[in-house]
Amino acid sequence: MNDKAHSRPADAIELAIFASRITAVCEEMGASLAQAAFSPNIRDRLDYSCAVFDAQGRLCAQAAHIPVHLGSMAYAMADIVAARDWAPGQMIALNDPYLGGTHLPDVTLIAPLFVGEQLVAFVANRAHHADIGADSPGSMPLSSSLDEEGLVITPVALVDNDRIDESVLGGWLEHLRNPPIARGDFSAQIAANRVGLKRLSALIGEGEAADVHAFRERLREYNDYARELAASALRELPNGRYTFTDVLDDDGQGNRDLAIACRIDIDDGRIAVDFDGSAQQTAGNVNCPLSVTAAGALYVFRCLMPEQVPACAGAFEDIQISAPEGSLLNARHPRAVAAGNVETSQRVVDAVLGALAHAIDDRIPAASHGSMNNVALGSHGADTAWDYYETMGGGLGAGPNRAGASGVQAHMTNTLNTPVEVLERHFPLRMRRYALRRDSGGTGAHRGGDGLIREIEFLAEASYTVLAERRRHAPWARAGGGDGAPGENRLDSDTLAPKCTGVANAGQRLMIISAGGGGYGVSS
């Protein structure tokens, strides 16, 4: 990137090329992480995300990975960057939800890029570790405090002077049940960031050819371009105040029907989303840090923008997110948050969509299955310790012009399933049934998508935890359609609560039945 090439403002084609190049950095980071990871959760399910940020922590680019990871990183990164002095050769790790994380299994690794002595940018990746040291296998417990959820990592240098700090990593591994697997996954995250630094350096230029000024100017133009495109889309939304309230089934600790209240004010493309009126923080683990709440809201508005809008900070400058401190959606330390990231974020999306339906009725679909259907299994046996974590899809809500897709992940997650062959090779489990849940989508002119059925037989005694939603409250329909069928959890013939934990004996079967999507319109 030389001065001559950037002596004039970039046009839309040049900016689109730049967007593709910087996004490709994130995509290559993700490919490296998946190829190098040891655990099925990262290697096979692709439960990770990668992004590039500027020197102030503003989002520059992200791969099409997991919305709840990326939105929360983008929201919290500026504070993380400002809180410390950075040096070349560092990588800072964290998972503390109240210091820029989401929930404890998601460990973030951030690396600064220096050109000479100038801090120019950051690369970061976030990966879900199936074991982060909770007493409950799978590290997604039915918790009531943060300490019960595992190892809390406040921002610390895992890599310094380009070398892994073994005192840091070794201290973590002492808390984990399978240190070789964990070490492999952390090493894969380090390798992914090194790939990102190398590719980003090549984009800026290396040695005497490096042109930091040109790169910063291009980022400024790029963000201005994104803001213009986003503003054009947001100005199409009619001015006014729009509200909607949805509910969570429960918090796993006996508290039911927890409100998620959303108020959206639109004024010539400027958006204010306020969650005042939502339930107070609760005893269970469905609480959220504000960064997770923001991720859900920003995701919806990103979906309303044209595909060519770059996924960078400029695209979101006209959107403000707020929630009362001490509420379910802006909880205080040390409230438990394991399910807030995976379940409450989904209901935030539903609440924002429900409010926007009053503004743009012809663009908003019915509710999707509304849960990541989290299953954590494992054993603490001294010689046979293992941890398995899975999320599962369901039915998408139908829209004005389409039926809902069946058996897919929705909204805030974007992972694959664990292949049956991988599950049965690595764990004492057998997949007895994996099928679409026929006719579970809501009726209507356009039917909602069908949910899934996944039945797992235990081949040895093991613990299980299920964190799921839309078991008591069905995914809602729109425009006169029928609601989707609620989901179910079963152990053999016994119906389980939406959020539950226990021990299964060899031969018992756990069945997760996900919800169907809501239907749209009146059937003819």
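Begin by selecting Asp-318, which sits in the loop between helix 7 and strand 11. Helices (H or I, at least four residues) and strands (E, at least two) are DSSP runs, numbered from the N terminus. The model is predicted, so local features need pLDDT of at least 70 and side-chain atom pairs count only at pLDDT 80 or more, while totals for chains, interfaces and linings use all residues. Residues are numbered from 1 along each chain as its sequence is written, and side-chain values use heavy atoms, with hydrogens and water left out.

Is Asp-318 buried or exposed? Asp-318 counts as buried, at 16% relative accessibility. Buried means under 20% relative accessible area, exposed over 50%, and partly exposed in between (1.4 Å probe, protein chains only). Now show its surroundings: leaving aside neighbours within four places in sequence, Asp-318 is in contact with Arg-227, Ala-231, Gly-269, Arg-270 and Ile-271. Contact means heavy atoms within 4.5 Å.

Next, select helix 6, residues 212-234. At 1.5 Å a residue, its 23 residues should span 33 Å, and its end C-alpha atoms are 32 Å apart, which agrees. The expected span is 1.5 Å times one less than the number of residues. Zoom in on the start of helix 6, where a side-chain oxygen of Asp-211 reaches to within 3.5 Å of the backbone nitrogen of His-213.

The next stop is the largest pocket. Select Leu-59, Gln-62, Arg-302, Ala-311 and Phe-316, which lie nearest its centre among 42 lining residues. Helix 1 (12-36), strand 2 (59-62), helix 3, helix 6, helix 7 and strand 11 (319-322) are the elements that give two or more residues to this lining. Which element gives the largest share of the lining? Helix 3 does, with 7 residues. The pocket holds about 990 Å³ of space. On a 1 Å grid over the protein atoms alone, a pocket is an open set of points with protein on both sides within 12 Å along at least five of seven lines; a cavity is a set of points where a 1.4 Å probe fits but cannot get out; lining residues have an atom within 4 Å of a point. Grid points are joined across faces, edges and corners, and a volume is the space filled by probe spheres set on the points.

While helix 3 (residues 67-82) is in view, pick out Asp-79. Asp-79 is exposed, with a relative accessible area of 61%. Its C-alpha atom is separated by 7.7 Å from that of Gly-57, 22 residues apart along the chain.

Now turn to the cavities, of which there are 2 of 30 Å³ or more. For the largest cavity, select Asp-47, His-69, His-128, Val-342 and Met-372, which lie nearest its centre among 14 lining residues. This cavity holds about 70 Å³, and helix 3 and helix 8 (338-356) each supply at least two residues of its lining.

For the second largest cavity, select Val-375, Tyr-388, Glu-390, Met-392, Arg-454, Ile-456 and Ile-512, which line it. Its volume is about 40 Å³.

Finish at Asn-285, in the loop between strand 10 (270-274) and helix 7 (290-304). Asn-285 is buried, with a relative accessible area of 0%. Among the residues that Asn-285 touches, beyond four places away in sequence, are Glu-149, Asp-251 and Leu-467.

Notes
A polar contact is a pair of N or O atoms within 3.5 Å; within protein, one must be able to donate a hydrogen and the other to accept it, and residues adjacent in sequence count only if both atoms are side-chain atoms.
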